[in-house]
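Subject: A structure for you to look through

Hello,

Here is the structure I promised to hand over. Please open it next to this email and follow along.

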Amino acid sequence: NFIKTHANVSAYGDSLDDANMAISPVVEADKIRIVLTWNDRPVDLDAHLLYKENGTQKHVYYRAMSATFNGETAAVLDVDDQTGYGPETITIHQPNATTYTYVVQNFSGESALSTSNAVVKVYSGSRVIATYTAPTSGTGDEWYVFTINGEQISTINSLS
């Protein structure tokens, strides 16, 4: 009942390159799951999902782990990791209701987000519909990754 994934791992004698990956249960076909992973530094990256309902800004993140749209669950922060590597997982329950913006914040700030090797994967059902890698140049503690409405994804991919 998990989404199939693959990873390449290199071993050199007695050493092994860091290998970090997350597995996720298959998401229902009418929902979207977003999975964030990263290296050990910065220790705490946070996933944020922003959207508007009737002109009012809504926000799913570690302090508000779920939000509604028209009285029904819109999105939920399923997993909040605070110790490095992730995953942080958000599931969008109403992907066609509005346009959502996905942002990664460097919460701990002890090293640059651009050095985190952060990866965001977007799933629909058991398939990956988009993959993003954090920019390796630029500065800023927030990585604006994409907007999504249904399966229509518009890439932003910038640090600010």
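In which strand does Leu-50 lie? Leu-50 belongs to strand S4. Strands here are DSSP runs of E with at least two residues, numbered from the N terminus.

Before we go on, a word on where the values come from. This is a predicted model, in which local features need pLDDT of at least 70 and side-chain atom pairs count only at pLDDT 80 or more, while totals for chains, interfaces and linings use all residues. Residues are numbered from 1 along each chain as its sequence is written, and side-chain values use heavy atoms, with hydrogens and water left out.

Back to Leu-50. If you set aside its neighbours within four places in sequence, Leu-50 is in contact (heavy atoms within 4.5 Å) with Gln-57, Lys-58, His-59, Thr-99, Tyr-100, Thr-101 and Val-103. Val-60 is 10 residues away from Leu-50 along the chain, and their C-alpha atoms are separated by 6.6 Å.

The sheet

Strand S4 is part of an open sheet of 5 strands, in the order S5-S4-S9-S12-S13, with antiparallel pairing. Two strands count as paired if DSSP finds at least two bridges between them. S5 (56-60) and S13 (152-159) are at the edges with a single partner strand each, so one side of each has no neighbour in the sheet. On average, neighbouring strands are turned by 20 degrees against each other, direction ignored; the axes behind this are lines fitted to C-alpha atoms, and angles in general run from 0 to 180 degrees between N-to-C directions.

You can walk through the pairings one by one:

- S4 (residues 45-53) pairs with S5 over 5 bridges, and Leu-49 has Val-60 as its bridge partner in S5.
- S4 and S9 are joined by 6 bridges, where Asp-46 has Gln-105 of S9 as its partner.
- S9 and S12 (residues 142-149) are also joined by 6 bridges, and Val-104 stands opposite Trp-143 in S12.

Is S9 mostly covered or uncovered? S9 (residues 100-106) is mostly covered, with 6 of its 7 residues buried. Buried means under 20% relative accessible area, exposed means over 50%, and partly exposed lies in between (1.4 Å probe, protein chains only).

The cores

A nonpolar core is a set of buried Ala, Val, Leu, Ile, Met, Phe, Trp, Tyr and Cys residues joined through side-chain atoms within 4.5 Å. The largest one has 32 residues, of which Tyr-102, Val-120, Trp-143 and Phe-146 touch the most other members. Another core, of 5 residues, lies apart from it and includes Ile-3, Ala-22, Val-27 and Tyr-123.

The aromatic rings

Rings of Phe, Tyr and Trp (its six-membered ring) pair if their centres lie within 6.5 Å; planes under 30 degrees apart are stacked, over 60 edge-to-face, and the rest tilted. By this rule there are 6 aromatic pairs. The centres of Tyr-61 and Tyr-62 are 5.2 Å apart with planes at 80 degrees, so this pair is edge-to-face. Tyr-62 also forms an edge-to-face pair with Phe-107, at 5.3 Å centre to centre and 70 degrees between the planes. Tyr-61 is buried at 17% relative accessible area, whereas Tyr-62 is partly exposed at 24%. Elsewhere, ring pairs link Tyr-51, Phe-69 and Tyr-100 into a cluster.

Enjoy exploring!

How values were computed:
Helices (H or I, at least four residues) and strands (E, at least two) are DSSP runs, numbered from the N terminus.
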